[in-house]
Amino acid sequence: MSFQKKLLAFAAVSALSAATAVPAMALENEFHGMFKFMGFQTNALQGGDAKVLASDDAHSGFFAEQRARIMYTAKANDNLKLVTHFELDTRFGGIKVTDGKGYKGTYNGNDSGNLDADALTLETKNVYLDFNCPITGANFKVGSQPWADAYQSLFLLADMTGVIATKKVDNFTGSLGWFRFDDNTAAIASTDTTNTGAGQYTADLIVVDGKYAINKDITVGATYYNIQNDTALTAATTTAPTVPVPNYELLHMIGLNADMKFGDAVVKPFAAYQFGEKNSTTDISAYMFGATGKVKVGPGSVNFAGYYLSGDNNNTGDVKSFQTVAASTTYFNASNMWLLQRPGQAINTSTSLLGNDNTAKGLGTAGVFAGYEGTMDKVFYNANVGYMTTSKKNAAGDKSIGTEINAQVGYKVYDNLSASVAGAYAFLGNYFDATAPDADNPYLVNVQLSYAF
Amino acid sequence: MKRVMLVLVGSLFLTSSTGAFAQQTQAEKNECLLASKNCKDQVDDIYKRMQRLDKEIKKGTKVYTPQELKRLQEKLTETQETLRDLEKPGH
């Protein structure tokens, strides 16, 4: 090889080395996470998803629990990343092996709160690819990911497997998504000659969402959600479940929402209508509306929120009850309640007086909530009051679920660590008279340590 | 001699260009927050990241173009959503 050729080869190799070194340096390994410890003194909570007790002579007891969430994001560049998110839940002392009440994150006593810890508690929440398509300019999220409705999660907030594409054009943001949240198709038995393929007994959610920013203070949105539930369709050889989730076959939900800022006030109203088929003979026609808001007053803010879900106490004709996917995947965090609604700060124990079922088994519910929150240097505080009723009377002719008052005060130990104590008390309404006429009013005292990084 | 000089100059060019990528830019723009470039010692916790993004956004059009400001705002929103997801109650 001549000197000139060697020179060229050297230059080429050097240039290649420099070129490959540059992209590698752009990779970001992002770790985030949280840890919460909670202790409860209460006569109402049972730990886990079991609903808040409304019973006579309810005993008071203390229990503690913890949750950690770890999120790792492998970011190749601004247009491509893999997001993974895991969860570890434990109750102090573990849980009883035969506890069938569904303590969050554990199964058959497999809880590292037991003596000598060592247990499998790692849960996978999300694993999805998030990338911007260079051809369409749209953002795609593919895999197991979190999704929330545009209605304060009264309909659905869940981690689900699916694909969603989002595209921004000037002031308009549009999303189109598909989620498969249930697939009960059984594996084909060797003797099965029906040739049942995969994906036969499934439940899917289609999402169409549009948002338009009229100006910097006002954004309006419109949505269409569609659920097609084929998990209950039966065939001679199927092992499809007899109680499907959700408990309807077809649902269309159309709605409008807005996010408006007026000076020191932010108001978010919303409304939606549902129609579809409960089954082959019964149709659905239901609706909901509500609003949340925040106004700066003095050193803090006044919060308010309210909603109405239509209900039905007549078992004949079309169903007028607002439909969700499952009670466990609904929320109304803007209420800032601890007992009437599942608390927004909850970890493993995340429940309410109605066991998170804001449809009240079809009666529908309505609630109004208000509170004040503020900070003073490292101290933060809030106090709230709320009232809930069913939309339709129960069999005993009663509607009032109850009234709650609560307050919380906390201290920021470090930027990332806060310690707080909260108390909540609910005055039960006559809704419980038929089932628990002498029920004690539920209460709880919560101590909490919260770290996020 | 001419060839030797060429090799030396070429090597110097390659070394200096690689070095520029390895160092945090001294310019006012935060290239790491803006475009995930020159991310040295990126161990910000989630609150610090939000504070830094907010600080950069407040520098406004004196430092960033409107497009870049929009990108920073998107990143702030994305980080806030991550925190919300981490603290989501229930399941």
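Predicted model: local features only at pLDDT ≥ 70, side-chain atom pairs only at ≥ 80, totals over all residues.
Local features need pLDDT of at least 70 and side-chain atom pairs count only at pLDDT 80 or more, while totals for chains, interfaces and linings use all residues. Residues are numbered from 1 along each chain as its sequence is written, with chains lettered from A and ligands numbered from 1 in the order in which they are written.

**View 1. Chain B has 4 helices and 0 strands.** Helices (H or I, at least four residues) and strands (E, at least two) are DSSP runs, numbered from the N terminus. Over residues 11-25 of chain B, pLDDT stays under 50.

**View 2. Helix 3 of chain B spans residues 46-58.** Its 13 residues reach 18 Å from first C-alpha to last, close to the 18 Å expected (1.5 Å times one less than the number of residues). Just after this helix, Gly60(B) takes a positive phi of about 65°.

**View 3. Ile46(B), Leu53(B) and Glu56(B) are the buried residues of helix 3 of chain B.** A residue is buried if 20 or more other C-beta atoms lie within 10 Å of its own, exposed if 12 or fewer, and partly exposed in between; C-beta atoms are placed from the backbone. The three lie on the same side of the helix because they cover an arc of only 85° around the axis, taken from the directions from the helix axis to the C-beta atoms. On the other side, Lys55(B) and Lys58(B) are exposed.

Notes:
pLDDT = per-residue confidence, 0-100. Contact = placed C-beta atoms within 7 Å.
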